[in-house]
Every structure is written in structure tokens, then in C-alpha cells.
Amino acid sequence: GKKGVLLSVMPLPGKPIDVRPANNNTFAQAKALFFSRTPQKIQGGASGLGFVMAKKIGAHNIFVWELDNVSTFQRDVQSWVAKKFNNGAAALITDETVNVLKWYFKRGFRYFAFDLTEVGKESTKQAIAYTFVSTHIYYPLVVSRIGGSNKSSTVDLIVMTPKDVSLTINGAITDAVPTGEPAYGANQCELVRGGSVSFTIDEVRKLDKSLDVFDKETKYVRVRNFKFTKPLNSYKNDFTAVADKK
């Protein structure tokens, strides 16, 4: 029942363009629309370094950090949080957090979004839309190891792309996916309800305006539902995919 502040972090493969509140019902509505068109279920195989931007969204105090030296970020972030909250809050950054962020840093990640969430009896979590530049489809999974347990958990993704995607990545597509290290693909997650379906751009906009990041010429998008069910501390790489060349 006591008030406090929780600090979470999400690695971003590119410099963020925008951070804004999203519709809390977007995922549920997208999932319902996806399910309405798929009757079956199958198994499937910055501006300078340091502080970049900050947004206050409800109980969320989000700030984006560009890392140049992974050995000093812990001290730098803690100092920024102390100053931001006039020494009323401290960022507890564990050894596991440092190890995980080093993992991302070695793979070319430089931007990290930190979320200081004020918690209390009346606080609720707000859906957040992050917009960033990336050469590939990406969702962070290894970062879940921070504070994660060996109990089973579920990561449920709705992925929208202008074309179908390839889940088998041979070699590096960016520094974030080194050669010889496979991204999670169809053989490592459940592909729900038989593959991809189509949403119109109008349907995407109705779900949430923040999802409308496609080219003006795009009239339809392909949508898939991926699901991972495993312990949070067992992830060894992220979900990554590229558009089909067809």
C-alpha cells in the first residue's frame, strides 16, 4: 500500500522518433480482429550521448538514454534519477541489469528507454507507443531476464508488416543480430491461428493512430500472432524478423 517508484528498461535498435501514450485496449482489439479471420490454431516451428528525451505519461516517467560507455551508464543514470526526483528516488540497477545491458551494447544497441513508474493504491499502467527506426522487425526478449524468474510466463505479440516476414535469418542484418546467432523464429515460438491475415490501414488506424507508421501507398498490412511461453530468465536472444523479398 506504500507509494514507490519502479524502474524498467527497454532496448531500442534505433534512435527513437517519438514516445506517446497508446490505447490500453489496442492489443486486445487487434487480437480480436486477428482471431475473427483465423479459425484454426497451429504450432509453428540522439542528440549527443547520454540523455536524449523525456516524457511524462500518466504514472510513467520515461527517459531515453544513448549509451557510449557501458561502464559508466549505471552511475550516470542513477545521478540523473536522483536529480530528477530531488533525491526522493534512487535507481536500483542490479548486476543482472548491467550484464543484460552489456549483452545488448555488444550487439550494437545504443538507445535504451527507461521507465520510472510511480506505484501506489490508485496508480494504473498506461500502454506506451515507442516509434523508432529499424531495418528489421524487433521485439526485446533478453531484457526480460532483468528481475525475471524461472517460472513460466507468456509473451504475446501481434506483428503488423507491409509484407509477410521471414523468420529465418542467415547472417547479420544489423549489428544487433551478429552472424551465427539466430533470432527467434517459427521453431522457437507458437505461431497462432495458421499464419498471416490482412488488416486494412483504416482498421489499423481505428485500433490506434500511433500504429499508422506505414508508407502512404500502403493499403493493407499482413498480421501475425506470435507467442512465447517459457521462463523469463531463459531467453538468449530477441525476436527478430525481416520482410520477405517476394
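## Aromatic rings in a predicted model

Searching the whole structure turns up 11 aromatic pairs. Here, rings of Phe, Tyr and Trp (its six-membered ring) pair if their centres lie within 6.5 Å; planes under 30 degrees apart count as stacked, over 60 as edge-to-face and the rest as tilted. This is a predicted model, where local features need pLDDT of at least 70, side-chain atom pairs count only at pLDDT 80 or more, and totals for chains, interfaces and linings use all residues. Residues are numbered from 1 along each chain as its sequence is written, and side-chain values use heavy atoms, with hydrogens and water left out.

Let's look at two of the pairs.

| Pair | Distance of centres | Angle of planes | Kind |
|---|---|---|---|
| W65 and W80 | 6.4 Å | 80 degrees | edge-to-face |
| F228 and F239 | 6.0 Å | 75 degrees | edge-to-face |

Helices (H or I, at least four residues) and strands (E, at least two) are DSSP runs, numbered from the N terminus. W65 is buried, at 8% relative accessible area; buried means under 20%, exposed over 50%, partly exposed in between (1.4 Å probe, protein chains only). W65 and W80 also belong to one aromatic cluster with F51, F63 and F114.

What about the other pair? F228 lies in strand β12 (residues 220–231) and F239 in strand β13 (residues 239–243), 11 residues apart. F228 is buried, with a relative accessible area of 1%, and F239 is buried with 1% too.
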